[in-house]
Each structure stands twice: as structure tokens, then as C-alpha cells.
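Dear colleague,

Please find below the structure that I promised to pass on to you. My notes come after it, and I would be glad if you read them with the model open.

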Amino acid sequence: MLQKNTLFKIIYLSLPLGFLLIFFLIPLIHIAFLAFGISLLDITEFTFENLFRVLSHPLNQYFLYWDVQQALLTTIFCVVIGLIGSYILVHYKFLGKTFLRNLFTIPFILPPIVVLIGFIATFGHGSWFNRTWESLTGSILIDIYNTYEGIILAHVFYNIPVIIRLTELGWRSINQDGIAVAKSLGATRLQIFSKIQLPKLLPILTVAALLVFIYAFNSFAIVLVLGGVQYQTLEVRIYSLAKSEFDFSGAAALTLVQVLINLVIIVLYLFLSSKYELPATESAQIAVKPFYRTHMPVKELLGRVLILIYFILVGGITILPITGVILASITSPEGTLTLSNYAKLYDYSIKSYIGLPPSNMILNSLFFGFGVMILATLLALLLNYGLNIDTTVQGLPKISLLKNFMGILVILPLAISSITLAFSLFSLYRTTFIYEQVLGAILIAHTLIAFPFANRVISASRSAIDPSLVSVSQSLGASRLKTFIKIELPLLIPGIIVACLFSFAISIGEFGATSFLAKANFATIPVGIYRLIATRNIGPAASFATILVVITIASFMIIEKLGKLELRL
Amino acid sequence: MMEGKKMGKIQPLLILFLILTCIIGSITINFSSASMNENIDLNMTNTSELVIYTYDSLLADPYYDIEGNFSKVSGISKENIQIVRLSDANEIVIRLLQEKDQPEADIVIGIDNALIHLIDNKSEVLEVISPQNVNEIDSNLIQNLDAEQYLLPYDFGIISLYYQNSIINSQSYPELSNLTLDTLLTSPLISMLIVENPKFSSPGLGFLLWTIAIYGDPEINFTGLLSRDWRDWWSLAKDDILITKSWGDAFDIFFNPEEEKPIMVSYGTSPAYGFCQWQDNTTSAVLTHENNQENAWLQIEGIGLVRDAPNKANAEAFINWFLSEELQSDLPEHQWMYPANINANVSTCFTQASIHPENVTRLNDLITPSMLSEYLTQWQDEWEQVVVQRTIPGYEYMFTTLGLLLLTIPILIRRNKKKQL
């Protein structure tokens, strides 16, 4: 009995475990060795020279400092703006609140490259925003290319949703009775905030802030385009070291630094999420105030006006880029309405800008999307069944050591940026058929990126199944497979669909790893958008991006219908 | 029960089968999708009879069908000629060095008289070539590119500032008629200028060498024309110029009126592009006039045979064809550069609109090949350090500290709680 189950376990686990080991862990370890001059492919000699050379380069030092700084700056802005937003969403009721909340989520689910083009369409040089401002004042309001404020603005816009969605749970979990008691005892608002609300909010706020920090710190597409030579994150720096200068050992050394910083943040994140019980669902009933009622005192009215201003401003920077993409896709350079940007996607002439006919890029993207959808979901299913097999068959001890190891291995890809993933794959397999067959390498990279998300969804819906159902079914004589097909599978289907859509959406919007691995004559939609932005063909780029907007928003609408959208790692 | 047990045994097999079908399925989709892509890499390793590395804009505007035309001459089918267009010339050198032990390419096109110095030992990656028509190639160019003939010149032209004369002309900007790098810096023109990144782009590198040759480099005791420091020019210019990654990117931004960048680093032959094709004379080229002479950096681009090339015979035939009078006569109006073959035809519209390298003072004579091979990478690296504006942290610094403080609050609170307990 034991042997049979162990056999099953090995079979179930061998695929996902082997996949992670071969394509993730070993390449990553290889990078670490490469940083010290040890490589499987070239002459090797242990040395600190690479690390020293990379870290003593003044530009690397500066960009490391700058990267941390911009990530912190982004985090602070997001926390301040997002906390106010979630407070209002929780404590007031008004028309279109659900709609507004969903709207605030949109930027986060969009691929960075789409956010970028939306940003350029709205605040770029030729945008109506800057043009109107210029006609009013004579100079443009904001220059997003090669400026600090442009990058911060884009990052803030991208990350506000994380704070709003997570701290909303925090506000809801605050015990209202405590506040009422404090009020009756004469506590000031500040006292209530600092003594009751803040301590309750802090853990989840910190977790959310760490997430924002890690997203901003590893930002690639936005900084690659907006930063130019002036501003580069470590991610961009590694990309250009490895991809344009072919300095693999230098890039590996820099990657090591980046991975270490990411690991510190992730460990802190995991520590905090397990230490404090983060509120997962709404626990307390909160008395919501109506937004408007007749005969309001002036002070209250003033507060409402402030809230309104907040929504107009934040809503503005949240909505504008999305509407900007769609608007830019249907306006010609002269400012008239046109569909010519879409027509250009069928036009062969655009090939000279992006190196491949757009239709091929769309096909490539769809191919990867479907491939990753199948691969990531399948691997996640196998992993969960392999790990949980003993909970369904009674009388067997859990193998916790393996479980812990797997747990770490599964969560680890989240701490590794997409460029690091692509670079580690490339550095180990660049002479093998895996890289020769570029499609394979990109597929693997996308699967690695999507896998943790798919795994999370599957494992959540797997653990929601009552284990007694399985044992009852088996004790009644049904085989394990029959039990799976008849009982568990129907219950798992929503989870599987969500995992599939999640993987699909992640793959179709992935830019960093794809552009790293894609050879000169091979690309997907995001790579095409990047090429078009680099040549400032904003119209066709926007129409390309609109396709992605529609696909991602549709995917996430279905996900929201089927289950809860999880922004947490 | 019996049946159940049986099923239990079959079950892992079934799952394994499912997995296998998925893998096979995905591989087939993979291949079918690959065949949908006309220029996919698949056949590169199998059936290619000729692989060429070049940059994206070689003979690209108007498009010249290199594969088709060579196929007619050589009989090699068009599908088996692979032209890999890399983003810019720097990448060709890097790829070449990278694949030193296992060459994938047969031919490299686009390594110029500056980039050649990034290769320490040419005999390791290239082979000496002397096609039959080598005597038709301008011997001066051969001497200036590579006397050993690891690379043979196929075209040449001077780097210049290329501008739209409807916006920029001597009425609107009088400094244009006697432009120097100094006056460029103080003129409003500087904020309209697009420069390619010399780390990635060969005209960008040419422009960097132009500034170095004029101002000199005191750190290596190189006086240049004016015995000053090239770094000063760049550190004053960096806030105003737009730096792009490749010449192609710069060219597209140049023609986008919204960007308001009507002047860029390009070639003395660039005005011929509009003039020969559409009789459009709205673009011109200008050089700088230090020491009362017109100064320019000459770029000579070369073609080379990769050492241990997989398809050596085909490659040699290609090089012979590429340097022939026939192709070289098509070169000016597709590549917009002067052909290296002295017998090649150059149309009058081309010569009319372009600046010929012979009419200017060539800065190349100031920077010797040995200086290039010693300092080129260092210059590229230093350029980046000069251009990146490393501001001493000001108000942002306060935010950084504030952020770090915010992150420590949870720890402080926990300590407080412990104390209270």
C-alpha cells in the first residue's frame, strides 16, 4: 500500500518537480556560479573579479541606488494615495462604487507594456493632454521621456490598485465597537487612528507596500522605454549587459545582487504574512455613510468635496491611460477619427518597423498563450495531486520535508524577475536545442512565470474539496481515477478555468523574458508594441495594445465571475 | 473491488499517457505554428546554405531583395539564404566573438572602421579574403578599413548632422552656416538633436569619435583639434539631446512631427534619400567648421568571411557578388552610401544631394588605429558615465529615508507590545 502510493507520488511529482528543477533551479544555481566565474560551458576559474568589477563600476552603483530609491518613492506615493482610496471605498456608499472599485483594479491586471503605451498615448509629446496644455500655457505640462517624474508616475499608476485592494480588507477588519467605545470616552480622531486603526492596518499595509516595492524595483518595460540612458533599473542593466554587450559573467554578478535583494523582500513578506494573520475576508460590519444627504453641515460638505477631488485626480490617472490607448488607436496623427491604425496591422509595410508581419506576432502570442495555459495548469494539477495524495488515503504520514522544499521551490519563481529567469535559461541552454528552438525557450519561460499563479489557484480550489467525499467514494468501491473524474474534477473545473485564464493572460502580456529570448526575426505582440514605441509609431502600437486590453480585461472579468481575484502572491 | 484495483494500476499509466499526448500535441502545434512563420529559425540549422549577420537597415529603404537577387546569380534557392538582421552593428561584432568556437554565420556585413577595433585578434574570427574583383575596390578604403583584408569595404560615407531645412535653415538659425560643435551647444538646435547611442549604433559611435577627434582627450594626452576635453561637450549636451538605441529608431522619430526633433546624427549622403526618390529637397546635411575647415568622421563599412564558416564556398561567391559592379551600382540608392567599387555607377541626383568625403577634412587621420584598439571600449563606457546624470540626492533623499523609516514601524510596534506584556 505504502509502496504503491509512493510510486504514485513519484509519478505525479516527477513532472512538475523535474520541470522546476531543470528549467528553474539548476539554471539559477548556474547563474550564481557564473557570477564567480564558474560555468558549465566555458573555461572556469573561481574568482571574485566579476562581482568586484560590476559592483565597483560607478554606473552600476548609481543605478542600484537609484533603483532602490525610485521603488521606495513609488511605494510611498502608492501607500498614501491608496490608503485614502480604500478608506473611502469602505466607509462611504455611493452610486457606482463597485464599478469604481473594479476600475481601480484594471491597471494592475494589464501587462506593463500596455500601461506604458497608455501612458505615452495620454501624456506623451503628441497626446491631446499635452497639446491642450501647450495651447493654453505655451509649454508642455509633463515630459515623460527620460525624466524621473515620468517613471514614478507610471509606476504609481500601475501599483495603486495593489494597495487599494489589499488595505480595503484591512479597513474592514477593524473592530467598529472599539472605535465606538473610544469615541464615547472622548478620544480624538487622531488617537483613534493611531491607537486602534493603524495597528490593525499595519501588517497588511506593510505586506502590500513590500509587493509594490518589489514590482517597482524589478520594473522592466516602463523603465526601458521611459528611462533611456539616464535611468535604468537593475533589470534593464542586466538586460543590456547580457543581451547587448554579451558580458555574461558581469550580468550574472549583477543578477546575483538583484536576486539577493529580492529574496530579502520576499522573506520579509513571507514572514509578515505568516506572523500576522492577514484579514482575508470581511469580518466586521462597517456602518457606511451615505455620500450625500440633504442639510449637511459645511464641514462635512467640505470633506465630501475633498473626496470628490480625490476621485477625479486618482480616477483620472487610473482611467486616462486605458482610455488613452483606445483613443490613440482610433485617432490619426492629425487628430481625426480613423480605423487606419487597425488597417496598418494587416498592412505588410509595418513589417519594416517591427521585423515581422503583425499577424504573425498575434499568432505567436496566441500559440504561447495556449501552450502556457495547458502546461502551467497541468503542472499545477500534478503538483497538487502529488503533494496531497496522502491526505486522501488514510493512515499515511505526510512527508513534510518534501512539502517544505516544494513549497519553497514553488514560491521562489515569484522572487525571481523575468529577465533573471530568461537570462538563466539562456546562459545554460543557449547551445542546446532548447534555445535553438526559440519557441521552446519562450514557452518554458512563460510557464515558469505563470506557474506560481496557476498553482495558487489550483491548490486553493483543491483544498476546498471536502476530503471525506473522496474517502466515501473510495470506500464505496470507486477507483481513485473514477473518484477523481466523477467527484473531484467537477468541483475543480472553476479553479482549472481560472488557472488557465490566469496563465493565458500572463503569457500573452509577458514582455521581458520574451524580448530577451526572442531572436531577431521572432516576436510576440508585446515585443511588437515595444518596437513600435521605440520608433514612435504610437497609433499602430495603441491598436496592437487594444487587442491585449480586450483579451486581458475579458479574461479577468471571467476570473472575477468564477472566483476572487487574488492580488497577493 | 477487483475492478477498482485494476483501475488503480492503470491510472498512473493513463495520466502518463495524457501528459505525453499533451507534450506531443504541443510540439506539433509548435511546429505547425513555426511553419506559419515564413522566416523562422527552424531551417537555419538544417537546410541553410548561407547565413549572413547584418544590421536591420542594410539595403532596406527602398527594399532590395538580397536573397532573391543572389539566388538568381548563384542558383541557391532563396529560402536557403538566411539574413539575420541584428538591431545594430555593435551586435554583429559581439555575436561574431561569441560564436568564435561554433560559428553559425558565414558572412558578417556592417562592421566598420571603428567597430573592427573591438576585435582583438581578427584571425580568430575572420578569414582573409581576396575575391577576384578586389582590384576594383578603392585601395584607399582598403587601407583605411583593414589593410590585412579580413574585412573588405563595400560602402563609405561621412557622418553628418541631417536636418529638415523647412524648419532649420540659415534664416531661422543663422549659426547653421558656420556651425561648430561649440555653437551647436549654445544654439536652440541642440534640443532638437537626436544622437544614437554609441554603445549600440555605428553612426552614433562615429559621432562620438567626431567629438573626441575635435576636442581631444586630456586623460590619454590626446590633443585632438582643439586640445580640450570631449567629456565637457557631452556633459553640457546630455540634458538637451535625445539618445536613441539605433539609427532606425532615430530616423523614425526624426520624421515624426509630434516629437519636434528635426535634426539627427546621420550621413552626408542622407539628403539623397528624399531627393532621388521623390525629388524632395527638404532635407540637408551639415558638418562642423572648427579651425576654418569642414570636419567629418568617415565611416567605411566592411564585409567579412567568418572563420570556419559552415558554407564557405557559397560565402565566397556571395562576397564576390556583393562587391561586384552590378550590385555596387544599386547600392547608392538603396543603402544611401557611396559604393566602394570604383567602377560602380553613381547617379547624378545622388552626388548632387550628398557631401562627398573627399571635399572635407577627415577626422579619422587624427585618431590612429592603435588608439582605437586601445581606447574604444573605454570611450564607450566613459561616454555612458558622462551622459548619465548622477544627481546628488536632493529632496528625493528625504523620501528614501522616510520610506526606510516607514518600513521599520512594524518592528518598533512589536517591540512596544513586548514591553507592555
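This is a predicted model: local features need pLDDT of at least 70, side-chain atom pairs count only at pLDDT 80 or more; totals for chains, interfaces and linings use all residues.

Residues are numbered from 1 along each chain as its sequence is written, chains are lettered from A and ligands numbered from 1 in the order in which they are written, and side-chain values use heavy atoms, with hydrogens and water left out.

Cysteines

Over all chains the structure holds 1 disulfide, a term used here for a pair of cysteine sulfur atoms within 2.5 Å. The partners are Cys276(B) and Cys349(B), whose sulfur atoms lie 2.1 Å apart, and the link is right-handed, with 115 degrees about the S-S bond. Because Cys276(B) belongs to helix H11 (residues 271-278) of chain B and Cys349(B) to helix H15 (residues 348-353) of chain B, the pair ties together parts that are 73 residues apart in sequence; helices here are DSSP runs of H or I with at least four residues, strands are runs of E with at least two, and both are numbered from the N terminus.

Cys276(B) counts as buried at 13% relative accessibility, and Cys349(B) counts as buried at 19%. Buried stands for under 20% relative accessible area, exposed for over 50%, and partly exposed for what lies in between (1.4 Å probe, protein chains only). In chain A, Cys78(A) is buried with a relative accessible area of 0%, and Cys500(A) is buried at 17%.

Salt bridges

The count comes to 21 salt bridges over all chains, where a salt bridge is a side-chain nitrogen of Lys or Arg within 4 Å of a carboxyl oxygen of Asp or Glu. One of them joins Asp146(B) and Lys122(B) at 3.1 Å, N to O. Since Asp146(B) lies in helix H6 (residues 139-146) of chain B and Lys122(B) in helix H5 (residues 122-125) of chain B, this pair ties together parts that are 24 residues apart in sequence, and both residues are buried.

Glu127(B) forms a salt bridge with Lys312(B), with 3.1 Å between the closest N and O atoms. This pair links distant parts of the chain, from strand E4 (residues 126-127) to helix H12 (residues 312-322) of chain B, 185 residues apart. Glu127(B) is buried at 18%, whereas Lys312(B) is partly exposed at 36%.

The side chains of Glu384(B) and Lys199(B) meet in a salt bridge of 2.7 Å, N to O. Glu384(B) sits in helix H16 (residues 369-387) of chain B and Lys199(B) in the loop between strand E6 (193-196) and helix H8 (202-215). Glu384(B) is buried at 4%, and Lys199(B) is buried at 9%.

Surface patch

Lys183(A), Arg189(A), Lys289(A) and Lys299(A) form a positive surface patch, made of residues with over 30% relative accessible area and no salt bridge, with like charges joined within 9 Å. Lys289(A) lies in strand E2 (residues 289-290) of chain A and is partly exposed at 32% relative accessibility.

Key
Patches are made of residues with over 30% relative accessible area and no salt bridge: like charges are joined within 9 Å, nonpolar side chains (Val, Leu, Ile, Met, Phe, Trp, Tyr) within 5 Å. Accessible areas come from the Shrake-Rupley method with a 1.4 Å probe; for residues, only the protein chains shown count as cover. Lys and Arg count as positive and Asp and Glu as negative; His and the chain ends are not counted. The place of a charge is taken as NZ of Lys, CZ of Arg, CG of Asp or CD of Glu.
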